[in-house]
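I opened the model to look at its pockets, its cores and a couple of residues. My entries follow.

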Amino acid sequence: MSTTVKVNTYSHSVTHVTDNILSGLKRIILLSGLSLDKLTSDWKVLEAGIGKWLETRHLNTVTLEIYTGTSSLVGRWDFDISYTYTTGDDGDLWADVDAIKFAIKKAGAIPSTCKYRVIANTKDGRPDVSGWSSALYLSTDGFTKRPIGTTIGATHLGAGTSYWSK
């Protein structure tokens, strides 16, 4: 299901994309059978970083890594940011929730004992945001990246989503 709302400012686009990335993360975690506790406790920090770096155009990708207790990757979801995206009409805001739900089913089952973390890949010179620290991605050896397409759109700002699976 896709919804469209009209507004005219970049700050509304930033808020829309931030909210929908966080909602997408929540949906992926919940529908994968994982606990929302970590996401809920980190929500304000995630919101502050994603929002700030979208606003300053430093955010490249928001990644959800799902891994075992031994830090072995089980699955990964990427929200790749586009600052040149256009909805074709000033002020359109939309999100394709169904595309992500469908991809979760295709990605397959995840053991409920898995852990997860959110990583933001940013451009050099980004402003620091309290609560964020450096991290290295887990290896994707043996995984294939599967693009879903653009799932979040706003005037001049969008996010394409993909998942990694074996």
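I took helices (H or I, at least four residues) and strands (E, at least two) as DSSP runs, numbered from the N terminus. Ile152 lies in strand β6.

Ground rules. This is a predicted model, so I kept local features only at pLDDT of at least 70 and side-chain atom pairs only at pLDDT 80 or more, while totals for chains, interfaces and linings use all residues. Residues are numbered from 1 along each chain as its sequence is written, and side-chain values use heavy atoms, with hydrogens and water left out.

**Entry: Ile152**

Is Ile152 buried or exposed? I used under 20% relative accessible area for buried, over 50% for exposed and partly exposed in between (1.4 Å probe, protein chains only). Ile152 counts as buried because its relative accessibility is 2%.

I then listed its contacts, meaning heavy atoms within 4.5 Å. Leaving aside neighbours within four places in sequence, Ile152 is in contact with His16, Val17, Asn20, Ile21, Phe79, Trp94, Ala95, Leu157, Gly158 and Ala159. I also checked a distance: Ile152 and Ser139 are 13 residues apart in sequence and 27 Å apart in space, C-alpha to C-alpha.

**Entry: the cavity**

The search ran on a 1 Å grid over the protein atoms alone. A cavity is a set of points where a 1.4 Å probe fits but cannot get out. A pocket is an open set with protein on both sides within 12 Å along at least five of seven lines. Lining residues have an atom within 4 Å of a point. Grid points are joined across faces, edges and corners, and a volume is the space filled by probe spheres set on the points.

I found one cavity of 30 Å³ or more. The largest cavity has a volume of about 40 Å³. Ile152 is one of its lining residues, with Asn20, Gly24, Arg27, Ala95, Asp96, Val97, Ile100 and Thr151. α1 gives the most to this lining, three residues.

How much space lies in the largest pocket? I noted about 520 Å³. Of its 23 lining residues, Val118, Ile119, Trp132, Ser133 and Ala135 are the closest to its centre. β5 supplies the largest share of the lining, seven residues.

**Entry: the cores**

I counted as a nonpolar core a set of buried Ala, Val, Leu, Ile, Met, Phe, Trp, Tyr and Cys residues joined through side-chain atoms within 4.5 Å. The largest one has 38 residues, and Ile21, Leu25, Leu54, Leu59 and Leu64 touch the most other members. α1 gives the most to this core, with seven residues. Apart from it lies another core of five residues, among them Leu73, Leu138, Phe143 and Trp164.

Leu25 got a closer look. Beyond its neighbours within four places in sequence, Leu25 is in contact with Leu39, Val62, Leu64, Phe79 and Val118.

**Entry: Asp78**

Asp78 lies in strand β3, residues 73–82. Asp78 counts as buried because its relative accessibility is 2%.

Which side chains make polar contacts with the side chain of Asp78? I took a polar contact as a pair of N or O atoms within 3.5 Å; within protein, one must be able to donate a hydrogen and the other to accept it, and residues adjacent in sequence count only if both atoms are side-chain atoms. The side chain of Thr63 makes one at 2.8 Å, and the side chain of Arg76 makes one at 3.0 Å. Leaving aside neighbours within four places in sequence, Asp78 has contacts including Thr61, Lys145, Gly160 and Trp164.
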